[in-house]
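Subject: Structure handover

Hello,

Here is the structure for you to look over. My notes on helix packing and charged pairs follow below it.

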Amino acid sequence: MSTHTPTRCRTLSNSDLHVRYPCARPRFTKVKLLAATIVVGLVMTTYCLIWTTTTSQPDKSRLSELGRRMKLIRMFSTPSQIDLQRQRKKHLSVHCDAMVASGNISMSVNVSTLTHLVVDDKYRLLYCYVPKVGCSNWKRIFLHMTGMFDKTKKRPGDITHNETHFKYANRLRFLTDYSIPGIHDRLRNYRKFMFVREPLERLLSAYRDKFAGVGLEDKTFQKKANNIYKMQHPESPIKGNVKKGDVNFLDFVKYLVQENQFRDESFQYDEHWERQSQLCLPCQINYDYIGKYETIEDDADYLLKRAGLSRYSFPKRSAFYNATRTNETLVNYFSQIPSFYRKRLQKFYQSDYLLFDYKFPLH
């Protein structure tokens, strides 16, 4: 003779929340059993939702801090930056070897060509600045690293554009300020880095700043603008100082191409549109780090932390510059340039395209 023992009531504990199932009754019909099961399921779901949204809701500030830490861990624990640098330096090395073998590059370095290398002896850093590649912000950091602004400027970004390039510019030290043995020692033993940018984008940025923007207020560029305008528009009735935009982009490109056509070995372009490979000599100087403008904030922050400067973050883009980013207007500007001049620009900046692994954007 068999006996039926009713199922005992069960209690499930989940933190401070207790969910009690109804006791099973053997005389329930199938319909009643199904209905009971549905009711129990609904009750459990409701309680689970309440528990998830109240009892165990994570603290938002802790989540934010955890997210920040995880981001840092991913940034410095993954090989992404290491691999990226390995690829950039390998690409550079291959093309440098080819250009040296073909006689297009000389490995001899004159001290007079080292004028773009900024030095910090405390942190043993050498930075080759390239105008229009975030150099203002890097100079702000190097100025702040001197300790002269600790009481007046809390962050590098607090140093204005005019203070960076004029008022306090003499506080920066350059490699050419040192003796020949001092130069050799720093080139051998300091961490060296540079940042590069797509050549035509950099060229356009220089034009927008110096001939169509506030840069024209500088007497040097006002004089240059006057000369370019007279060269390209000899019949124009405009006399005296030209205004912003009077020298259009085609005028500027024609000037650049014509100057390049008749230049000799001693000729030097203005640093704002001289080739990056000429300013920083990446084939002759073994840079430890090559950053790119396209990823400048990530590259710069990684480099700062590796250099022991984690208290700094790379300053944001200054309001001093045009609101519209250059890469958004590049096609529009170059659509005004005839094919002949585009090809001449491509030839002139060929070393930058090869060494820094950029693709010529125009056809």
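A salt bridge here is a side-chain nitrogen of Lys or Arg within 4 Å of a carboxyl oxygen of Asp or Glu. Please keep in mind that this is a predicted model.

By that criterion, Lys210 forms a salt bridge with Asp209, with the closest N and O atoms 3.3 Å apart. Asp209 also meets Lys132 in a salt bridge, at 3.1 Å from N to O.

Lys132 counts as buried at 11%. So does Lys210, at 12%.

Now helix H6 (residues 180–189). Its buried residues are Gly182, Ile183 and Arg186. They cover an arc of only 100 degrees around the axis, so they lie on the same side of H6. They pack against strand E3 (117–120) and strand E4 (125–128). Exposed Pro181 and Arg188 are on the face turned away from the buried side.

Arg186 also forms a salt bridge, with Asp121, the closest N and O atoms being 3.0 Å apart. Asp121 lies in the loop between E3 and E4 and Arg186 in H6, so the pair ties together parts 65 residues apart in sequence. Arg186 has 13% relative accessibility and counts as buried. Asp121 is partly exposed, at 30%.

The whole structure has 11 salt bridges.

Best wishes

How values were computed: Residues numbered from 1 in each chain as written. Predicted model: local features only at pLDDT ≥ 70, side-chain atom pairs only at ≥ 80, totals over all residues. Heavy atoms only, no water. Buried < 20%, exposed > 50% of the residue type's maximum accessible area, 1.4 Å probe, protein only. Helix = DSSP H or I, 4+ residues; strand = E, 2+ residues; numbered from the N terminus. Arc of directions from axis to C-beta. Contact = heavy atoms within 4.5 Å.
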